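Welcome! Let us take a guided walk through a protein model, one part at a time. Keep the picture in view as you read.

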Amino acid sequence: MPEAVVPDQRVSNQLPAPIAEPGSGAAPVLEAVGVTKHFPVHGKDAGRLGHRRVVHAIDDASIGIYPGKVTALVGESGSGKSTLARVLAGLYGRTAGQVLLHGRPVTATRGRAFRRHVGEVQLILQDPYGSFNPMLRVSTHLRRAVRIHDAEHGPDVLRTRTAELLEQVHLLPAGQFLDKFPHELSGGQLQRVSIARALAARPSVILADEPVSNLDVSIRLGVLNLLAELTDTGVGLLYVTHDVASARYFASEIAVMYAGRIVESGPAEHVITEPAHPYTRLLISSAPDPARRSRPDEIADTGQPPSLISPPAGCRFHPRCPLVMPVCRTDAPPVFELGGGHWSRCWLFRSDHGGPGQAAGTSTAPSAPAPSTPDNPAADSV
Ligand code: SF4
């Protein structure tokens, strides 16, 4: 029998509100509200007719992207973060939930309204070489983007605009790059060209899916700084990454995704210095940081992410969580508000577990029960 849930005013079974932006009151330019995306399974694992199996790529995810701000979506490979970026970009449909652009639901899947959406919401992919036709020069790629998105595109406009775009991404002198083919540029230079191509649409939002993961370490910072510069013009940026350290450096808000669910979200510094969810603690303790000393609430890695075809009941992190309790195995945790726009989906924050109700400014990490082990069965009956 699942444990009775102790009611608490900070607990909500509703979807979490999109990430709050403390103090500014700014509305998100792009939001996912309770977005679910399931993919049908094909082949021998598809299941019987009427009981078709699906991949639970995203369940009930809400996130907001604000003008002039960077929101990081962090998680390991296969957590659903790239799928969520593609749903926001309009490349994938939704199984449930809503996407709002400037507060209005996005429903178009073709035609002029859809083109307007994909113009305003630009996606930058991880592998720049895979996103360019190798047979075409940089100038052709950029001119094509300008032609699609600018009503005025005579020869003079095209020349001026493509040079401007390359200047915006600091590829100077522009003339030196326009006649190059993609393979003649370094990964960093080509990723800058893909950012320039996205800027041709004058987007309100850029969704950058692991934009520096394929680049040499030495040039990652330059590309990240360039993306940060773009937010000065009011563009909202979603930074999708598995690298929690760069998210801290770069983002004002962080949302953490695990096995298709957003499990924690809040102001970046608060999420990193006071991580609430055990999975966030695991991510942070796994990130290389020679200056960090081990913390008493550090979590050891104890397994692999689950199958998204048949995800575990209850909390999806429970097979891996050293702090697992009986309720975690049966009931999906609701949202526990921790204050200041920080929330977590973890039963440790139930009011009878020392979570919600703490004074502001104290650690949000609740007291951890001893890990459940064969020698310590009592710990599993908290
Ligand atoms: Fe999930 Fe329970 Fe671990 Fe929290 S304590 S992460 S709810 S398994």
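## Starting at a strand pair

Proline 40 has valine 54 in β3 as its bridge partner. Strand β3 spans residues 54-65, and nine of its twelve residues are buried, so most of the strand is covered.

Before going on, please keep in mind that what you are looking at is a predicted model.

## The open sheet

Which strands sit beside β2 and β3 in the sheet? Four strands line up in the order β3-β2-β5-β6, forming an open sheet with antiparallel pairing. The edges are β3 and β6 (104-105), each of which pairs on one side only.

You can trace the sheet from strand to strand. β2 pairs with strand β5 (residues 96-101) in the antiparallel sense through five bridges, and threonine 36 stands opposite alanine 96 of β5. Next, two bridges connect β5 to β6, again antiparallel, with leucine 100 partnered by proline 105 in β6. β5 and β6 make a hairpin with two residues between them, and histidine 102 in the turn has a positive phi of about 50 degrees.

## The whole chain

Now step back. The chain holds eleven helices and 13 strands, and buried residues make up 42% of its 382 residues. Among contacts in the chain with a separation of 6 or more, 65% are between residues 24 or more positions apart.

## The nonpolar core

The largest nonpolar core has 96 residues, and those touching the most other members are Ala72, Leu88, Leu207, Leu238, Tyr239 and Val256. Helix α6 (residues 187-199) gives this core its largest share, six residues.

What does tyrosine 239 touch, leaving aside its neighbours within four places in sequence? Tyrosine 239 is in contact with Val70, Ala72, Ala208, Ala247, Phe250 and Ala251.

Helix α3 (residues 138-149) reaches 17 Å from its first C-alpha to its last, close to the 16 Å expected for its twelve residues at 1.5 Å a residue. Its buried residues are Val138, His141, Leu142, Arg143, Ala145 and Val146. An α-helix has 3.6 residues a turn, so residues three or four places apart point the same way. The cover over the buried residues of α3 includes α4, α5 (175-178) and α6.

Helix α4 (residues 155-168) contains arginine 159. Is arginine 159 buried or partly exposed? Arginine 159 counts as partly exposed because it has 15 C-beta neighbours inside 10 Å, while a buried residue needs 20 or more. Arginine 159 and serine 139 are 20 residues apart in sequence, and their C-alpha atoms are 8.9 Å apart in space.

In the loop between α4 and α5 you will find proline 173. The peptide bond leading from leucine 172 to proline 173 is cis, with omega near -10 degrees.

Two other loop residues have positive phi values without being glycine. Arginine 202, in the loop between α6 and β8 (205-209), has phi near 50 degrees. Alanine 259, in the loop between β10 (253-258) and β11 (261-267), has a positive phi of about 50 degrees. Their surroundings can be compared by counting neighbours. Arginine 202 counts as partly exposed because it has 13 C-beta neighbours inside 10 Å, whereas alanine 259, with 25, counts as buried.

## A second hairpin and the ligand

Strand β12 (residues 335-339) is largely enclosed by the rest of the structure, because four of its five residues are buried. Three bridges hold β12 and strand β13 (residues 342-344) together in an antiparallel pair, and glycine 339 has histidine 342 of β13 as its bridge partner. Two residues lie between the strands of this hairpin, where glycine 340 takes a positive phi near 65 degrees.

Which residues come nearest to the ligand? Of the 14 residues around the ligand, the nearest are Cys315, His318, Cys321, Cys328 and Cys346. The shell is made up of twelve nonpolar residues, two polar and no charged.

Key
Residues are numbered from 1 along each chain as its sequence is written. This is a predicted model: local features need pLDDT of at least 70, side-chain atom pairs count only at pLDDT 80 or more; totals for chains, interfaces and linings use all residues. A nonpolar core is a set of buried Ala, Val, Leu, Ile, Met, Phe, Trp, Tyr and Cys residues joined through C-beta atoms within 7 Å. Two residues are in contact if their C-beta atoms, placed from the backbone, lie within 7 Å. A residue is near a molecule or strand if its C-beta atom, placed from the backbone, lies within 6 Å of it. Ala, Val, Leu, Ile, Met, Phe, Trp, Tyr, Cys and Pro count as nonpolar, Asp, Glu, Lys and Arg as charged, and the others, Gly among them, as polar. Two strands pair if DSSP finds at least two bridges between them. The expected span of a helix is 1.5 Å times one less than its number of residues.
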